[in-house]
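Let's walk through this one together, question by question. Have the model open as you read.

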Amino acid sequence: MPKIAIYPGSFDPITNGHLDIIKRTQGLFDKVIVAVNNNPLKTFLFTAGERVEMIKELFSVSKGIEVESFQGLLVQYAKEKGVRFVIRGLRALSDFEYEFQMDLMNRKLNPDIQTIYLMTDQRYSYLSSGIIKEIVKLGGNAEGLIPDLVKEKLLEKFT
Ligand code: ADP
(Lines give C-alpha, C1' and ligand atoms only; values in the text may rest on other atoms or scores of the structure.)
Protein backbone atom coordinates (compact mmCIF):
# COMPACT_ATOMS: atom_id res chain seq x y z
CA MET A 1 0.00 0.00 0.00
CA PRO A 2 1.55 3.38 -0.98
CA LYS A 3 1.76 5.90 1.84
CA ILE A 4 -0.21 8.97 0.84
CA ALA A 5 -0.78 12.22 2.73
CA ILE A 6 -2.84 15.33 2.14
CA TYR A 7 -1.34 18.76 2.81
CA PRO A 8 -4.34 21.10 2.94
CA GLY A 9 -4.31 24.87 3.06
CA SER A 10 -5.38 28.10 1.46
CA PHE A 11 -2.01 28.67 -0.25
CA ASP A 12 -3.14 32.21 -1.16
CA PRO A 13 -0.40 32.29 -2.36
CA ILE A 14 2.07 29.49 -1.68
CA THR A 15 5.22 30.69 0.13
CA ASN A 16 8.66 29.23 0.76
CA GLY A 17 7.38 28.19 4.21
CA HIS A 18 4.79 25.92 2.57
CA LEU A 19 7.36 24.67 0.05
CA ASP A 20 9.74 23.79 2.85
CA ILE A 21 7.04 21.72 4.57
CA ILE A 22 6.24 19.93 1.30
CA LYS A 23 9.93 19.18 0.62
CA ARG A 24 10.34 17.76 4.11
CA THR A 25 7.49 15.30 3.52
CA GLN A 26 9.45 13.76 0.64
CA GLY A 27 10.74 10.37 1.70
CA LEU A 28 8.13 10.14 4.45
CA PHE A 29 5.32 9.50 1.97
CA ASP A 30 5.11 8.00 -1.52
CA LYS A 31 2.71 10.70 -2.59
CA VAL A 32 1.57 14.05 -1.16
CA ILE A 33 -1.61 15.66 -2.37
CA VAL A 34 -1.43 19.44 -1.95
CA ALA A 35 -5.09 20.25 -1.43
CA VAL A 36 -6.05 23.85 -2.11
CA ASN A 37 -8.99 24.93 -0.04
CA ASN A 38 -11.79 26.51 -2.03
CA ASN A 39 -14.14 27.47 0.77
CA PRO A 40 -16.80 29.74 -0.79
CA LEU A 41 -17.19 31.58 2.54
CA LYS A 42 -13.58 32.78 2.46
CA THR A 43 -12.25 35.54 0.24
CA PHE A 44 -9.04 34.80 -1.59
CA LEU A 45 -6.77 36.98 -3.72
CA PHE A 46 -6.18 34.12 -6.17
CA THR A 47 -8.92 31.83 -7.48
CA ALA A 48 -8.62 28.15 -6.59
CA GLY A 49 -7.64 27.49 -10.21
CA GLU A 50 -4.85 30.08 -10.07
CA ARG A 51 -3.54 28.70 -6.77
CA VAL A 52 -3.55 25.13 -8.10
CA GLU A 53 -1.80 26.17 -11.34
CA MET A 54 0.94 28.05 -9.48
CA ILE A 55 1.73 25.06 -7.28
CA LYS A 56 1.60 22.65 -10.23
CA GLU A 57 4.08 24.82 -12.11
CA LEU A 58 6.44 24.89 -9.13
CA PHE A 59 6.36 21.08 -8.86
CA SER A 60 6.24 20.30 -12.59
CA VAL A 61 9.40 18.18 -12.42
CA SER A 62 8.76 16.64 -9.00
CA LYS A 63 7.48 13.13 -8.64
CA GLY A 64 5.04 12.19 -5.93
CA ILE A 65 3.29 15.57 -5.70
CA GLU A 66 -0.29 16.02 -6.82
CA VAL A 67 -2.20 19.28 -6.63
CA GLU A 68 -5.94 19.77 -6.58
CA SER A 69 -8.61 21.91 -4.96
CA PHE A 70 -11.29 20.78 -2.57
CA GLN A 71 -14.39 22.17 -0.93
CA GLY A 72 -16.10 21.19 2.27
CA LEU A 73 -14.83 19.23 5.22
CA LEU A 74 -11.22 18.07 5.08
CA VAL A 75 -12.05 14.75 6.77
CA GLN A 76 -14.72 14.10 4.15
CA TYR A 77 -12.30 14.89 1.34
CA ALA A 78 -9.62 12.64 2.88
CA LYS A 79 -12.12 9.82 3.21
CA GLU A 80 -13.18 10.16 -0.43
CA LYS A 81 -9.52 9.99 -1.48
CA GLY A 82 -8.91 7.02 0.83
CA VAL A 83 -6.12 8.95 2.61
CA ARG A 84 -5.45 8.62 6.35
CA PHE A 85 -2.68 11.14 6.87
CA VAL A 86 -2.90 14.92 6.92
CA ILE A 87 0.11 17.22 7.16
CA ARG A 88 0.07 20.65 8.75
CA GLY A 89 2.81 23.13 9.51
CA LEU A 90 3.29 24.86 12.85
CA ARG A 91 4.86 28.28 13.20
CA ALA A 92 3.95 29.90 16.49
CA LEU A 93 1.88 29.28 19.59
CA SER A 94 -1.06 30.88 17.79
CA ASP A 95 -0.90 28.12 15.14
CA PHE A 96 -0.83 25.53 17.90
CA GLU A 97 -4.07 26.75 19.49
CA TYR A 98 -5.90 26.66 16.18
CA GLU A 99 -4.42 23.38 15.01
CA PHE A 100 -5.11 21.71 18.35
CA GLN A 101 -8.78 22.65 18.07
CA MET A 102 -8.96 21.50 14.44
CA ASP A 103 -7.23 18.22 15.23
CA LEU A 104 -9.57 17.39 18.10
CA MET A 105 -12.58 18.22 15.95
CA ASN A 106 -11.29 16.27 12.95
CA ARG A 107 -10.58 13.25 15.14
CA LYS A 108 -14.10 13.44 16.50
CA LEU A 109 -15.47 13.58 12.95
CA ASN A 110 -13.21 10.79 11.70
CA PRO A 111 -10.95 8.98 14.19
CA ASP A 112 -9.17 7.10 11.38
CA ILE A 113 -7.44 10.23 10.13
CA GLN A 114 -4.13 11.24 11.75
CA THR A 115 -2.66 14.71 11.42
CA ILE A 116 1.11 15.02 11.38
CA TYR A 117 2.66 18.35 12.34
CA LEU A 118 5.95 19.64 11.04
CA MET A 119 7.61 22.60 12.74
CA THR A 120 8.45 25.50 10.49
CA ASP A 121 12.02 26.16 9.55
CA GLN A 122 13.39 29.09 11.57
CA ARG A 123 13.79 31.10 8.33
CA TYR A 124 10.04 30.98 7.73
CA SER A 125 8.66 31.16 11.24
CA TYR A 126 7.29 34.70 10.74
CA LEU A 127 6.10 34.06 7.20
CA SER A 128 2.46 33.89 6.15
CA SER A 129 0.60 34.32 2.87
CA GLY A 130 -1.15 37.34 4.40
CA ILE A 131 2.05 39.21 5.23
CA ILE A 132 3.49 38.42 1.80
CA LYS A 133 0.46 39.98 0.10
CA GLU A 134 0.94 43.14 2.14
CA ILE A 135 4.68 43.37 1.52
CA VAL A 136 4.39 42.92 -2.26
CA LYS A 137 1.39 45.24 -2.49
CA LEU A 138 3.32 47.97 -0.70
CA GLY A 139 6.42 47.49 -2.84
CA GLY A 140 8.54 45.71 -0.23
CA ASN A 141 11.22 43.13 -0.90
CA ALA A 142 10.00 39.54 -0.50
CA GLU A 143 13.32 38.04 -1.63
CA GLY A 144 13.84 34.51 -0.30
CA LEU A 145 10.30 34.24 1.00
CA ILE A 146 8.36 33.34 -2.16
CA PRO A 147 9.32 31.77 -5.50
CA ASP A 148 9.82 34.19 -8.44
CA LEU A 149 6.70 32.80 -10.11
CA VAL A 150 4.57 33.78 -7.10
CA LYS A 151 6.14 37.24 -7.03
CA GLU A 152 5.23 37.72 -10.71
CA LYS A 153 1.64 36.59 -10.14
CA LEU A 154 1.30 38.91 -7.13
CA LEU A 155 2.64 41.88 -9.09
CA GLU A 156 0.11 41.11 -11.87
CA LYS A 157 -2.70 41.24 -9.29
CA PHE A 158 -1.52 44.52 -7.77
CA THR A 159 -0.84 46.50 -10.96
P1 ADP B 1 -4.89 27.66 6.21
O2 ADP B 1 -5.78 28.81 5.88
O3 ADP B 1 -5.54 26.33 6.00
O4 ADP B 1 -4.15 27.75 7.50
P5 ADP B 1 -2.39 28.33 4.90
O6 ADP B 1 -2.13 28.33 3.44
O7 ADP B 1 -2.24 29.62 5.62
O8 ADP B 1 -3.82 27.71 5.03
O9 ADP B 1 -1.45 27.26 5.61
C10 ADP B 1 -1.50 25.90 5.28
C11 ADP B 1 -0.65 25.13 6.26
O12 ADP B 1 0.72 25.51 6.12
C13 ADP B 1 -1.00 25.37 7.73
O14 ADP B 1 -0.77 24.18 8.46
C15 ADP B 1 -0.02 26.44 8.15
O16 ADP B 1 0.24 26.41 9.53
C17 ADP B 1 1.20 26.00 7.36
N18 ADP B 1 2.09 27.13 7.11
C19 ADP B 1 1.80 28.35 6.61
N20 ADP B 1 2.89 29.13 6.53
C21 ADP B 1 3.92 28.39 7.02
C22 ADP B 1 5.31 28.63 7.25
N23 ADP B 1 5.87 29.82 7.00
N24 ADP B 1 6.06 27.63 7.79
C25 ADP B 1 5.49 26.44 8.06
N26 ADP B 1 4.20 26.14 7.89
C27 ADP B 1 3.41 27.10 7.38
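Q: In what order do the five strands sit in the open sheet?
A: This is a predicted model, where local features need pLDDT of at least 70, side-chain atom pairs count only at pLDDT 80 or more, and totals for chains, interfaces and linings use all residues. Residues are numbered from 1 along each chain as its sequence is written, and side-chain values use heavy atoms, leaving out hydrogens and water. Strands are DSSP runs (E, at least two residues), numbered from the N terminus, and two of them pair if DSSP finds at least two bridges between them. Here the pairing is parallel, and the order is 3-2-1-4-5.

Q: Which residue of strand 3 is the bridge partner of A35?
A: Strand 2 covers residues 31–37 and pairs with strand 3 in the parallel sense, over six bridges. Within strand 3, A35's partner is E68.

Q: Which ligand atom does the polar side-chain atom of T120 lie 2.8 Å from?
A: Count a polar contact as a pair of N or O atoms within 3.5 Å. Y7 puts a polar side-chain atom 2.7 Å from a ligand oxygen, and H18 has one 3.1 Å from a ligand oxygen. For T120, the atom in question is a nitrogen.

Q: How much of the ligand's accessible area does the protein cover?
A: Accessible areas come from the Shrake-Rupley method with a 1.4 Å probe. On its own the ligand has 540 Å², and the protein's share of cover is 89%.

Definitions and conventions:
Helices (H or I, at least four residues) and strands (E, at least two) are DSSP runs, numbered from the N terminus. A polar contact is a pair of N or O atoms within 3.5 Å; within protein, one must be able to donate a hydrogen and the other to accept it, and residues adjacent in sequence count only if both atoms are side-chain atoms.
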